[in-house]
Structures are given as C-alpha cells and as structure tokens.
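Here are some short notes for a first look at this entry. Please keep the structure open while reading.

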Amino acid sequence: MAASFLNRSAPAQMTFEDLRGLRAEGYVRDSKLDQQDGYGPDIQRQNEIRFAESYGLILGDRWYTEFVSGRSVKNRLEFRGALGDAAMDRYDVLLVDHTSRFGRNQEECIHYKRQLQDLNKVVVFVSQGIISGSERDFLAERINETLDEAYSRNLSRYVRSGFAAKAAQGHVIGHAPLGYRQEKPPSGRGARLVPDKGTMPALLQLLRGYASGDHSFRTLAQDLNAKGYRTAANRSFTESSISTALNNRFYEGKAVYHLGRSDEEVRDGAHKVPEDVRALWRRCQEVRQERAGAGRVSPPGKEQQVYPLTGVLTCDGCGEPFHGITHRSHGLRSLRMRHSWRRCPMRPQSVPAQKVETELAEGVLECLNLDNGWRQAVLLALAGEGPKPDNSMDIKRTEAALANLRKQHLWGVIGDEEFKDEYQALKRQIRALEPPPSQVLTPNLDRAAQLLQDLPALWHHAGVTSQQRRELAREVFLEVRLREGRLVAVKPRPQYAPLFAYSLWRQNDVGGKRSS
Ligand SMILES: [Zn+2]
C-alpha cells in the first residue's frame, strides 16, 4: 500500500501529511565533532524517532550508522547498505537529522539524494523539516546545502572551537597564501605555514612589481601571467588575486581571525615572514597610498570586505571588470567598486558599492515579473514554434508493429538477428515521432524561476552575508554592466536568460496596453 502511494505522488508535491503510514528507516552520523557539539548519534536518533511518531511513520530498526573520523567518511558503507535496502524496497522514507549530516558537500548530498530518488525513495531532513526534492522546500534545501558547505551555523559550530584554539596560538586559519605551504609537524597535530620554494618567486615578483609603482593591479596581473607565474591555486593572476595578496596582513606577520566579522581579531602570527617579503609588502602599502593621493585609499586594516558584485560588475566601455576598494576620506570609510584599466576613457572610474548594489536590487531584481504565464510562453519560445504536429496515431501504429514483432519472435517465426534489427528500427521510428523532450528543461526552469522570484527577498535578508550575496549574483548573472557610473545592462546566465526575456516582454506588453 505504501509503495503504491509513492508511485502515485512524486516528492515534488509531497507534504508531511503524505508521509503517514510509510515505512521509514533512520540514518545517523557518528562523529567526534558532532558529539562535541552535543549533536551525537543519540540526539540524532531521538530527533528522527520523534519525527516518525509525530507524522505517523512506521520506523524500522536498522539504524544505518556511519562512523566518521575527521573529514573522511570511510567508503560510506552504511550509506551503501541503505541504498541496497532501498533497491530491495525495504523502506519508503529515509530519515536524516540534518542536511549537514548527509554529505560532506553540496555535490555529495545531491548525488546521494538522486540515487535514492531514482529508487523512488524519499529523504526527509527532520530537524529542518525538509522533504528532499519537494518543490515547496526547494529553496530551503538548496540554501541549507550551501550554508552547510560554507557558512552554516552548524558547520561553524563544528569548527569554531578548533579555530579559536588555533587563532589563540597565532596560527593562520585557512588555505596557505601565495608563497607559503602547510606543513604537518611530526606530532601530526595542527599544521604550520612555512615558506614554499615553489610559489615564493611568484610572491616576490608580485610584490616587487607593485612596489616599483609601474603597475596597476591589472597590468601587474598581465605581467605576471606573461612571465609564466601562477597563483597558489595554480591559476592565472587576476586583479583580485593581486588585491588579495596586497591586502593580506599575513605578509607583515599578522594572523587575522574572523576576517571581516564583528569579532575580527588581529594577532601577531606564529609564522615566519622573510625580511624581504615583509619590507616589500610594506612598500606596496606606501605605493597604494601615494598613488591614491594623500591617504585616500585606506591600507588594509581591520575592515576587510567582501564586495557582492566582484566578478560580475563590468565596464560597458572596455569590458574590463571592476573590483572592490575601501576608500577613506576625513576619517569616513566607504566601499567602492573601481576599474583601473588606464586606457579606458570611461568616467567615473569608481562608484560607491552600495549605490550599484541598490541599483541592481531596485532596477533589476525587484522588477522581475514572472506571472503565471511564464511557463507556457517560455516553453513555447524554447520549442521555437507554435503547437507541435500530433504524431500520436503514428506512434500507436508503430508500437503495435513492435508488439507484433515480439510475438513473432516469441513464436519462433523470426530469428534473433532479424528480431534485433527490426526492433531497433522500430524503436528509432518511435523516437523520431515523439515530441522533443522540452519537459526535460522544465525542472531547471522551475528551479531558476523559483530562485529569481525569491531573489529580492534573499538579497535584502539580514541573515544573508555579503559572501552569499556574491554567490547569488554569480549564480544568476554573467555580467552586470556599468556606464558612466550607472548600471546599464545585465547579462544573465543561459539558464536564466529566457526568464529575463519573458519578464521584459511582459513589462513592455503591459506598458504598451496602458499607453494605448
Ligand atoms: Zn572601462
């Protein structure tokens, strides 16, 4: 009975009430970090039991329990057990306490959930109240996965104690900056950052280049790339990687803890900085100040910033990107977006970051108008034509021929070879007659539409960080173009383009009717 119910209703439309009477099993992650946080296996199990009781699920007693040491999950044996049982239809619903306990990252989560979905099973994250794959929970699910990966309360709770201890000892948190690498001491506990022979030359070249005063971020990046230098991540240099190095107080021997947050702290680092690096980095700061005119651009200080439009904001004149700078005047700090392509005549060269962000929110995001007609109009436009020819009769005829062929083969009238050839020919014919699978596009479009509709609210939400705003902007836009200090055009990513087109078309349409 339970299984037949699932066949009728896809998770997309499912509600909690639909779960009643279904067979459930619990998945639990057992890790030291979870235990330290008071979210050990017992708590997870309790949450799942409570959920099953509240919503009338029939909870089994398999309890797939994954033992996690550090960051690695060994072979996911228990998860495979859960998959195997799903394949044998031993349960309908898998209960998981929290999205962050299901996979190490978004990709892994999506992967596992898809595997279960393919087996027609439902995953419920009980503490967050999310039915995986449900349309209603789509955005919450997606945001939670993103949060789990980077900025989640849960994740930061996992690592906070470790970071605090590290910072207290003056160790730098995170990846090794350019010119350095992580080194594990023989004891195996905690890594130290030590100068790296491989990338130190690139760092020195970068600092010397900027200290010479001959370069903008941009020309310096070009120069370094031309000379074959690469970043710590083995990529080409960009304005932003130059900016990162010049803003990193690591090179003057400091360790910064909770960068850009209210509880940011700067301490003397435990790492060693070669004297020439330290001197060059300081010289670079002087050059920046001289260059900006009497102390207008502040040296990197406590207030390092994430600029939400970095990576998408582009000059409409020369096509070069803008990057964020902190501007200081009469003791007041302001954040600006600037592009430093010397040959570009476009003025002003920089604009207040807040102003462009507001313009984007009010002029673009809040004007998106996806009413009930979008789906039909967009799908029609994508199909590139009006109503499609109806081939259903031909398909029926071919299917009948196919059934006949099977019978003939079964009765031994035709041999294996002949059957195979004929069968494939008929199958090809049917595929050619079937309408193109435009419905394949629909889930992606629905997803895109959902995000666009929620975008203004997300963008303004107090709980959304600048970093997340930047991810949102990059998710939707390839470019946001600026001309003479004003936002003049946006170039959405391909999956969002039809929706933008529809929205514009609607606005013009409505406007036209009003004026006539
Ligand atoms: Zn330009």
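1. A residue is called buried when its relative accessible area is under 20%, exposed when it is over 50%, and partly exposed in between. By that rule, 42% of the 516 residues in the protein are buried. Keep in mind that this is a predicted model.

2. Start with the overall make-up. The protein has 18 helices and 17 strands. Its accessible surface comes to about 28000 Å². Carbon and sulfur atoms account for 51% of that surface. Among contacts with a separation of 6 or more, 63% join residues 24 or more positions apart.

3. Which residues hold the zinc ion? The protein donors are C315 (SG), C318 (SG), H339 (NE2) and C344 (SG). They lie 2.2 to 2.3 Å from the metal. The angles between the four donor atoms run from 102 to 116°, so the arrangement is tetrahedral. The cut-off for that label is that all angles lie between 85 and 135 degrees.

4. Now look at where the donors sit in the chain. Their spacing reads C-x2-C-x20-H-x4-C. C315 belongs to strand β12 (residues 313–315), while C344 is in the loop between β14 (332–338) and β15 (350–352). The pair therefore ties together parts that are 29 residues apart in sequence. C315 has 0% relative accessibility and counts as buried. C344, at 3%, is buried too.

5. The structure holds 20 salt bridges. One of them joins the side chains of E320 and R218, at 2.5 Å from N to O. E320 lies in the loop between β12 and β13 (323–329), and R218 in helix α9 (residues 217–226), so this pair links parts that are 102 residues apart in sequence. Both ends are covered: E320 is buried at 16% relative accessibility, and R218 is buried at 15%.

6. E252 deserves a separate look. Its side chain meets that of R249 in a salt bridge of 2.9 Å, N to O. E252 also forms a salt bridge with R282, where the closest N and O atoms are 3.7 Å apart. E252 is in the loop between α10 (239–247) and β10 (254–257), and R282 is in helix α11 (residues 275–291), so the pair ties together parts that are 30 residues apart in sequence.

7. E252 has 14% relative accessibility. R282 counts as partly exposed, at 41%.

How values were computed. Residues are numbered from 1 along each chain as its sequence is written. This is a predicted model: local features need pLDDT of at least 70, side-chain atom pairs count only at pLDDT 80 or more; totals for chains, interfaces and linings use all residues. Side-chain values use heavy atoms; hydrogens and water are left out. Donors are N, O and S atoms within 2.8 Å of the metal (3.2 Å for Na, K and Ca); water is not among the atoms, so sites may look incomplete. Four donors count as tetrahedral if all angles lie between 85 and 135 degrees; four count as square planar and six as octahedral if opposite donors are over 155 degrees apart and all others between 65 and 115; anything else is irregular. Helices (H or I, at least four residues) and strands (E, at least two) are DSSP runs, numbered from the N terminus. Buried means under 20% relative accessible area, exposed over 50%, partly exposed in between (1.4 Å probe, protein chains only). Contact means heavy atoms within 4.5 Å. Accessible areas come from the Shrake-Rupley method with a 1.4 Å probe; for residues, only the protein chains shown count as cover. A salt bridge is a side-chain nitrogen of Lys or Arg within 4 Å of a carboxyl oxygen of Asp or Glu.
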